Amino acid sequence: MNKELEDQKNHHIVNNRELNLWEALIPVVILMCLLAYNIFFKDGEWLGEYSNQYILLMGGAVAAIVGFLNKSTLSTMLAEVWENLKSVFVPIMILFLVGALAGSWLVSGIIPAMVYYGLQVLNPTIFLPASVIIAAIISIATGSSWTTSATVGIALIGIGQALGIDTGMIAGAVISGAYFGDKMSPLSDTTNLAPAMAGTDLFTHIKYMTLTTVPTIVITLIVFIIISLSIDTTGTADITALLSVIDDTFNITPLLFIVPGVVIALIVTKTKPLIALGVGVVLAAVFAYIFQPDILNILSTSKTEAILTAIWTDTAIETPNETLNELFSSGGILGMLWTILLIISAMVFGGIMDGIGALARITKALLSVADTVFGLFASTVISCLGLNAIASDQYLALVIPGKMFKKAYEDKGLAPENLSRTLEDSGTVTSVLIPWNTCGAYQSTVLGVGVAEYITFAIFNWLSPFMTLLFAGFNIKIRQIKDARSAA
């Protein structure tokens, strides 16, 4: 188990006996009201471009006031905020590198090459289910939904967009496949964290997850097949023209796939994502010099300056086709700033909520009403969903309910894999459905598709909690402790 995972496992939970449930809910209610007002009445621009960030900080300020009134100390709050910020340091660095990767892969011709060859292989009839499968395979191999989106996800968005398919559908398919693979991969941090919190082993957890996860992904694929058969395929008529424009603008060659191949190989061989993505940026810069000198000359009088600009700031490559113009643009590292500030603001709010004892109080309240087995499962699901929204971090949505509910599952005679599976079914996969959660912010930025646009089509993600509740409600394959011991 790596150090980051160990730190998440050992994350303590702050209790505050002075705080009651209604006081713990005050910051949550105010935060939700402000976010709803901003989204539905001000088109997300109430306080300017960074409205959501300001609102999260305002929610944190309200939480701090509630904490002060209930004998919480500033040092405790700041300590929890700092712990939260430390936990997202690596994801923030990954975001910076993803921005650099997008810019360098654009000017080197890698993304255009993916679109060029992908248009010839994938057609609208099979595109959406194929996207689910491709994303799932890459995510299982890498153990990371984030890496999957930053590599093949970006390419699939470009290909589907050129085919005339709605980007919300494409993003939903990519995210569904990526999170299926993330859940089932032994390389995934969340797949290791959930059984660690529940008290079971990794492979028992993965095997038990297949009971709910396989039916969910099958339903997801069926739905996407039906959607694919019914969507308008007007984009196919333009493929020849699109291919011609791409070929005229860039030097397209299969050799460009060496770069993404190296990045995926590094990740599969357990190279740290920061190193793997960094190598991808450097190789792309070299390939830009070799294969795309004309593009670099158009962008700047200096090839080096053109590459650095693509890595750091906005880059737009003009073509005769408007669809491709939109596709062949990138914000570079600075394009990730909005998302990074959102993550930091969310961690401040979540840290203060933990520091004043509000997260523990809300979770305990849910636990107190879990009289039946189904009630226990439902409370776990609600707790995970709530923490994804309140704490804005999928790790906390696994750690806190895992610690709080472990004893309750034991008291009901339930094997620990019931808890670990429920944590994944409701904590891991739903994080991407919350716009201000680290996962929702990341995926929407990397794929260039807002959460509101893809949430309906992230079928696997929102269906998973219902599937786990269905199994619990009808007592399907709910393993008892005595059964688990017999199997062992």
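Helix 6 (residues 110-121) and helix 8 (residues 145-162) pack with their axes 9 Å apart and at an angle of about 55 degrees, where axes are lines fitted to C-alpha atoms, for helices over the stretch in contact, and angles run from 0 to 180 degrees between N-to-C directions. Helix 6 is therefore oblique to helix 8, since angles under 35 degrees count as roughly parallel, over 145 as roughly antiparallel, 65 to 115 as roughly perpendicular and the rest as oblique. On the side of helix 6 the contact is made by Ile111, Met114, Val115, Gly118 and Leu119, and on the side of helix 8 by Ile154, Ala155, Gly158, Ile159 and Ala162, contact meaning heavy atoms within 4.5 Å. Helices (H or I, at least four residues) and strands (E, at least two) are DSSP runs, numbered from the N terminus.

This is a predicted model, in which local features need pLDDT of at least 70 and side-chain atom pairs count only at pLDDT 80 or more, while totals for chains, interfaces and linings use all residues. Residues are numbered from 1 along each chain as its sequence is written, and side-chain values use heavy atoms, with hydrogens and water left out.

The largest nonpolar core has 152 residues, and those with the most contacts inside it are Trp105, Leu119, Phe127, Leu128, Ile246 and Met353; such a core is a set of buried Ala, Val, Leu, Ile, Met, Phe, Trp, Tyr and Cys residues joined through side-chain atoms within 4.5 Å. Helix 21 (residues 394-411) gives the most to this core, with 10 residues. Leaving aside neighbours within four places in sequence, Leu128 is in contact with Ile165, Met169, Ile170, Ala173, Phe224, Ile227 and Ser228.

Thr315 is found in strand 1 (residues 315-316) and is buried, with a relative accessible area of 5%; buried means under 20% relative accessible area, exposed over 50%, and partly exposed in between (1.4 Å probe, protein chains only). Beyond four places in sequence, the residues in contact with Thr315 include Leu106, Val107, Leu299 and Phe328.

Most residues other than glycine have a negative phi. Lys71, in the loop between helix 3 (51-69) and helix 4 (74-87), has a positive phi near 65 degrees and is exposed, with a relative accessible area of 65%. Lys477, in the loop between helix 25 (459-473) and helix 26 (481-487), has a positive phi near 55 degrees and counts as exposed at 56% relative accessibility.
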